[in-house]
Amino acid sequence: MNRFPVIIDCDPGVDDVAALLLARQIETMDLKAITTVSGNVEVEKTTANAKKARHAMGIDVPIFAGAKKPMFREAKHAYHFHGEDGLSGVVYECPDSPTEEEKAWDAMYRIGKESGGELTIVAVGPMTNLGLAIAKYNDFASVVKRVVIMGGAAIGGNVTPCAEFNIYADPEAADILFQSGIPVYMCGLDVTMKAYMTRDELEEIKGMNTPQTDFFYDVTNEGLIKYIGFGHPGVAMHDPVAVLYAADDSIFKTEHVGIRVETKGELTLGKTVTDLYSDKQWEHNAYIVTDVDREAFIAKVKELMAKYK
Ligand code: BDR
Ligand code: CA
């Protein structure tokens with residue numbers, strides 16, 4: 001089987017944990033590293049949470065810690081959704097393990113070179129580590145094949161009316177990524193809000209009865225309770241969308257467009273501005289994912305989680 005090299009850059013985060021647990025079971029993914037960043041909570045906590053996810057995944061993938069704060073701004077966190085610990089208080093005990101010495105952006109560059117230009121980076125937190133890698137290494141764009149992100153939206157936002165959290169937290173880094181020349185595939189709120197999991201579907205995962213499916217259930221259930229409170233039919237599987245899209249885009253709808261990030265506006269800071277719905281006059285530097293076959297997506301999530309025995 002052909003496997004493709006992948007780094008998951010994340011800020012666990014309840015849905016980041018779900019994304020990592022799923023990635024472990026995708027046979028075509030050759031997970032080279034997990035990198036962490038300040039986002040939902042501080043980087044020390046996102047790194048500790050990534051280690052918990054790795055323990056549950058049962059693999060020996062290295063974890064490289066990244067940026068403590070955005071490139072040009074102070075850190076913003078999402079305690080209201082992910083809790084002070086980043087896991088909404090969900091307890092998962094595992095032995096402590098050391099963090100690699102190498103920084104996230106250096107590991108991305110090194111692994112990109114070692115992978116002969118075939119590396120996919122799935123970025124499901126603020127894009128600070130990628131912004132730093134692009135700023136530090138002139139040829140970074142040539143060592144990465146594509147970046148699939150969870151972030152942004154053509155329409156709307158979840159932190160402000162215009163901005164999604166991962167972009168809002170570090171808009172300059174995201175804009176550097178969109179201008180880098182690397183093909184960027186944007187799985188934003190346009191698609192992730194459609195990729196929701198209902199209470200009954202999540203209970204099926206609980207019924208699988210393994211430590212991994214219990215961990216998935218516990219973190220996802222915290223999000224589900226909040227989403228149902230907002231009047232949504234289920235919990236948006238934000239970060240899992242980016243991982244599953246990277247593995248197989250056949251159940252998604254994608255368009256080739258121009259995307260930049262608003263870094264100056266007062267009311268519009270962090271908006272991903274796209275010509276998707278306008279005169280398409282921009283250079284098409286990115287791909288926007290606009291739709292998903294929700295039932296096929298949930299079937300895939302269940303199929304992957306059922307592989308834990
Ligand atoms: C994104 O923001 C974070 O809170 C989630 O982990 C996800 O990556 C959704 O806007
Ligand atoms: Ca995340």
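These notebook entries record what I looked up in a predicted model.

**Entry 1: conventions.** I took residue numbers from 1 along each chain as its sequence is written, with chains lettered from A and ligands numbered from 1 in the order in which they are written.

**Entry 2: ligand 1.** I listed the residues around ligand 1, among them D15, H82, N158 and D239; a residue counts if one of its heavy atoms lies within 4 Å. By class, this shell has three nonpolar, five polar and four charged residues; Asp, Glu, Lys and Arg count as charged, Ala, Val, Leu, Ile, Met, Phe, Trp, Tyr, Cys and Pro as nonpolar, and the others, Gly among them, as polar.

I then looked up polar contacts (pairs of N or O atoms within 3.5 Å). An oxygen atom of ligand 1 is 2.6 Å from a side-chain N or O atom of D15. For H82, the distance from a polar side-chain atom to a ligand oxygen is 2.8 Å. The side chain of N158 has an N or O atom 2.8 Å from an oxygen atom of ligand 1. Taken alone, ligand 1 exposes 280 Å², and the protein buries 95% of that; these areas come from the Shrake-Rupley method with a 1.4 Å probe.

Entry 3: D16 lies in helix α1 and V124 in the loop between β4 and α5, so the pair ties together parts 108 residues apart in sequence. Helices (H or I, at least four residues) and strands (E, at least two) are DSSP runs, numbered from the N terminus.

**Entry 4: backbone.** I noted a cis peptide bond between P12 and G13, with omega about -10°. G13 lies in the loop between β1 and α1.

Key:
This is a predicted model: local features need pLDDT of at least 70, side-chain atom pairs count only at pLDDT 80 or more; totals for chains, interfaces and linings use all residues. Side-chain values use heavy atoms; hydrogens and water are left out. A polar contact is a pair of N or O atoms within 3.5 Å; within protein, one must be able to donate a hydrogen and the other to accept it, and residues adjacent in sequence count only if both atoms are side-chain atoms.
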